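Morning, everyone. Let me put the model up, and then we'll walk through it.

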Amino acid sequence: MATIEERYISLLTDFGFKRIFGTAPNKELLINFLNSLFDGKQVIKDVKYLNTEHFGDNASSRKAIFDVYCEGENDEKFIVEMQNAYQEFFKDRSLFYSTFPIREQAKKGADWDFKLSRVYTVALLNFDMKEEAFDKEEITHTVKLCDIKTNKVFYKKLDFIYVEIAKFNKKEDELETLYDKWLFVLKNLYKLESRPKALRDKVFDRLFKEAEIATFTPEELREYEDSLKAYRDIKNSIDTARREGRAEEKIAIAQNLKSMGMSISDISKATGLPEDEIISI
């Protein structure tokens, strides 16, 4: 195993995210984060963790495994997911996942009146979702069932909340709200060498204690190293795909400029491609 140089774990890894938000001893951290996200619109006092692995109606059905799945004191259900890589059908996946806590509420017997508890799907995205329906200037997006004519909420018990943490760029001295601080931690915890003044709130005492790699047992350290490697493999694959995409775009531009009669040297200056590569196109 490679030596880990960071002081604190990355919450972008599967291990780090579940350690901080997905364990009963740390539920106060999850509660605090969700309350900062809802900003008074919903107040959570306590949660009970539920089984994160869910199966369909029969053995051949597709199953769902949530990062964090819990229930509030009013029986509302919370799915909280960290997603590092863009998926073409991520919206479909969000909807599919929400069906499990909905169907699980069905009571056996003829007297069930179909009353459902509220279901929240919270997706923390380490990428720009590039969703046309979203306000591009915002990081947090709440999606509900609405009437498209009146824009009024038709059904209040189903919420999809997408948080594009990759777009959060505030620095330590710019953090104003508790939600700002949580987004900063989610994105930057592993980069910190010490605890910033802006994160001296009492709620973060436990976070920094649980996140310090030096306190890990050998088994925890192995699990984290494996999770960190998986995260880095995903990130490297994404970065490679982006670089290749940009290279293909430059080649297409060079081809167009070449067909227009522009000189090889000018095309090289415009695209950054070597002259011999442009000649061979």
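First, a term: contact means heavy atoms within 4.5 Å. In the protein chain, residues 24 or more positions apart account for 57% of the contacts with a separation of 6 or more. Now the ground rules. This is a predicted model, where local features need pLDDT of at least 70, side-chain atom pairs count only at pLDDT 80 or more, and totals for chains, interfaces and linings use all residues. Residues are numbered from 1 along each chain as its sequence is written, and side-chain values use heavy atoms, with hydrogens and water left out.

Overall picture. The protein chain has 8 helices and 8 strands; these are DSSP runs, helices being H or I of at least four residues and strands E of at least two, numbered from the N terminus. Of its 281 residues, 40% are buried, meaning under 20% relative accessible area with a 1.4 Å probe, protein chains only.

Next, the inside. A nonpolar core is a set of buried Ala, Val, Leu, Ile, Met, Phe, Trp, Tyr and Cys residues joined through side-chain atoms within 4.5 Å. The largest one holds 51 residues. Phe-21, Leu-34, Val-163, Leu-186, Leu-189 and Leu-207 touch the most other members. Helix α2, residues 27-38, gives this core its largest share, 7 residues. A second, separate core has 10 residues, including Leu-125, Phe-127, Phe-134 and Phe-160.

Back to Leu-207. What is Leu-207 in contact with, leaving aside its neighbours within four places in sequence? Ile-20, Leu-29, Trp-182, Val-185 and Leu-189.

How values were computed: Buried means under 20% relative accessible area, exposed over 50%, partly exposed in between (1.4 Å probe, protein chains only).
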